[in-house]
Amino acid sequence: MINLKTLEVWFITGSQDLYGEETLHQVAEHSKTISAYLNEEDRLPVTVVYKPTVKSTAEVTAVMQEANNATNCIGVMTWMHTFSPAKMWINGLKILNKPLLHFHTQFNRDIPWSTIDMDFMNLNQSAHGDREFGFMMTRMRINRKVVVGHWQDNESLSKIDGWMRAAAGWHDWQGARFVRFGDNMRYVAVTEGDKVEAETKFGYSVNTYGVGDLVAVVNQVSEEQIDELIAIYEDEYTLVDSLQKGGTQHQSLREAARIEIGIETFLVNGNFKGFTTTFEDLHGLVQLPGIAAQRLMTKGYGFAGEGDWKTAALVRAMKVMGSGLKGGTSFMEDYTYHFNPDNRMVLGAHMLEICESISDAKPSCEIHPLGIGGKADPVRLVFNSGPGPAINASVVDMGNRFRLLVNEVMAVTSFNPLPMLPVARVLWKPYPNMHTGCAAWILAGGAHHTCYSQSLSADHLEDFAEMAGIEYLLIGKDTKINQFKNELRWNEIAYK
Ligand code: MN
């Protein structure tokens, strides 16, 4: 889907004129060496671009201006190899409108015990140069990521990797367009939100189209286009008998294909990165889009049901962040519970629309009644999702701010077959445990809709929330209810 390598992070080294040409030459060489190393062998998902050392207010301001204007630049990485008096950075930092990672590293990993002299000390002084820079960022109240460690250390690289992914998701949201076919589900609260504030804060727009506008596109899909997509269905899925050619419900499969092609055409023509549907507004569509939503998510589109545009946008951003990583990312809903004291867990699913990227095997393509919405039986992909660590994330509108809530979970394998369950599903155990995890989620006002990801970790979303400048709450292995309640109370003041 999204190739993150076309995106750039600029590596900017700070210094000053006092050091003389020889030292500044060495600084530049070292910065080039580090940039080159970071770009070797796909160590990082995004391309690192070396920028000449900045040594004055004018140079800092110029490079930040340039970074703002460079369309492929998703953020900057700064490092003070030597001392760079931080008042030089004020103007540049004031105008920078992209994420910043402060890489607190040092060219030499080890102190050369037997040869160290004052020349070495004066060249390798990020230990205090970066503190001066850090003060200015803190004084200016600028959100940023601080990564500490040697530049060849895998732990440092992994943190930079995560931040780059978050920055790619953030970059993707700027100017992104999301379309809603129909409004939010009637009377539902948590899927509502302030779309003007969202566009101001997040950079993406959300607009509604009548489902009739979509139907007009769906109705133009040709029989040949449908034939081609049916061949793909036959190749990629195990079709139940009734859906196969000559089967009693094959026509329903063709209708599902028509809807998928129609939605994709609408998205491509409108340059949309994601969409929502609602079963309450399907006039002119014969079925609720099931397999269509599932497959379009796999292609990288954001999606959520019942008009939930906040989750659709989050699914898109998380798919961009997870691009190229192992594991999938999907729209999800906490559906039902297993409260057996020996094995408490959540069964996650939706009416239909779970992304096949989290499937553990070849999905089965099936048709069943929906029992809601009064439309023809929809076609859907049915599968289990594999075990392993994952996260659930939810954005809620608190009225005066957006809150990003994340719960770390451990997905488990079902040892019981689920022969009567006609939807894709996941089983997971929330951290720190079922009772605390669910209680904290509810206390924080987390939605029933989430984005579920096997490929991302909570760290990705923490970086993402910092970039967006929104509240971030984690429910993880160390969460205790009394502390979590205090965090909620204190945040009320922090965001007042
Ligand atoms: Mn739902």
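Reader: Quick one before I look around: what's a helix or a strand here?

Author: Both are DSSP runs numbered from the N terminus: helices are H or I with at least four residues, and strands are E with at least two.

Reader: Got it. Where did this model come from?

Author: This is a predicted model, in which local features need pLDDT of at least 70 and side-chain atom pairs count only at 80 or more, while totals for chains, interfaces and linings use all residues. Residues are numbered from 1 along each chain as its sequence is written, and side-chain values use heavy atoms, with hydrogens and water left out.

Reader: OK, pockets. Which elements supply at least two residues each to the lining of the second largest pocket?

Author: Three strands do: strand 11 (329–338), strand 12 (345–349) and strand 17 (425–430). A pocket is an open set of points on a 1 Å grid over the protein atoms alone where a 1.4 Å probe fits, with protein on both sides within 12 Å along at least five of seven lines; lining residues have an atom within 4 Å of a point.

Reader: And which element gives the most to that second largest pocket?

Author: Strand 11, which contributes three residues to the lining.

Reader: Which residues are closest to the centre of the second largest pocket?

Author: Of its 14 lining residues, His338, Met345, Ser414, Asn416 and Leu427 are the closest to the centre.

Reader: What about the largest pocket: how many residues line it, and which lie nearest its centre?

Author: There are 17 in the lining, and Lys98, Pro99, Leu100, Ile142 and Asn143 lie nearest the centre. Helix 3 (90–95), helix 6 (154–173) and helix 14 (458–468) are the elements that give two or more residues to the lining of this largest pocket.

Reader: Switching topic. What are the protein donors of the manganese ion?

Author: Four residues: Glu306 and Glu333 each through OE, and His350 and His449 each through NE2, at 2.1 to 2.2 Å from the ion. Donors are N, O and S atoms within 2.8 Å of the metal (3.2 Å for Na, K and Ca), and sites may look incomplete because water is not among the atoms.

Reader: How are those donor residues spaced in sequence?

Author: The pattern for the manganese ion is E-x26-E-x16-H-x98-H. Since Glu333 sits in strand 11 and His449 in strand 18 (residues 449–453), this pair ties together parts that are 116 residues apart in sequence.

Reader: Are Glu333 and His449 buried or exposed?

Author: Both Glu333 and His449 are buried. In terms of relative accessible area, buried is under 20%, exposed is over 50%, and partly exposed is in between (1.4 Å probe, protein chains only).

Reader: And Glu306, where does that one lie?

Author: Glu306 is in the loop between strand 10 (302–304) and helix 12 (309–321). Glu306 is buried too, with a relative accessible area of 8%. Its phi is positive, near 55°, though the residue is not a glycine.

Reader: Which other non-glycine has a positive phi?

Author: Tyr187, with phi of about 70°. Tyr187 lies in the loop between strand 6 (177–181) and helix 7 (195–202).

Reader: Why does Tyr187 count as exposed?

Author: Because its relative accessibility is 85%. Trp113 counts as exposed as well, at 72%. You'll find Trp113 in the loop between strand 4 (100–104) and helix 4 (118–123).

Reader: How far is Trp113 from Phe331?

Author: Their C-alpha atoms are 55 Å apart, and along the chain Trp113 and Phe331 are separated by 218 residues.

Reader: Is Cys438 buried or exposed?

Author: Cys438 counts as buried, at 15% relative accessibility. Cys73 is buried as well, with a relative accessible area of 0%.

Reader: Which other residues are buried in helix 13?

Author: In helix 13 (residues 434–443), Met434, Thr436, Gly437, Ala440 and Trp441 are buried along with Cys438.

Reader: What follows helix 13?

Author: Gly445 comes after helix 13, and its phi is positive, near 75°.

Reader: Last one: which peptide bond is cis, with omega near 0°?

Author: The one from Tyr431 to Pro432. Pro432 is in the loop between strand 17 and helix 13.
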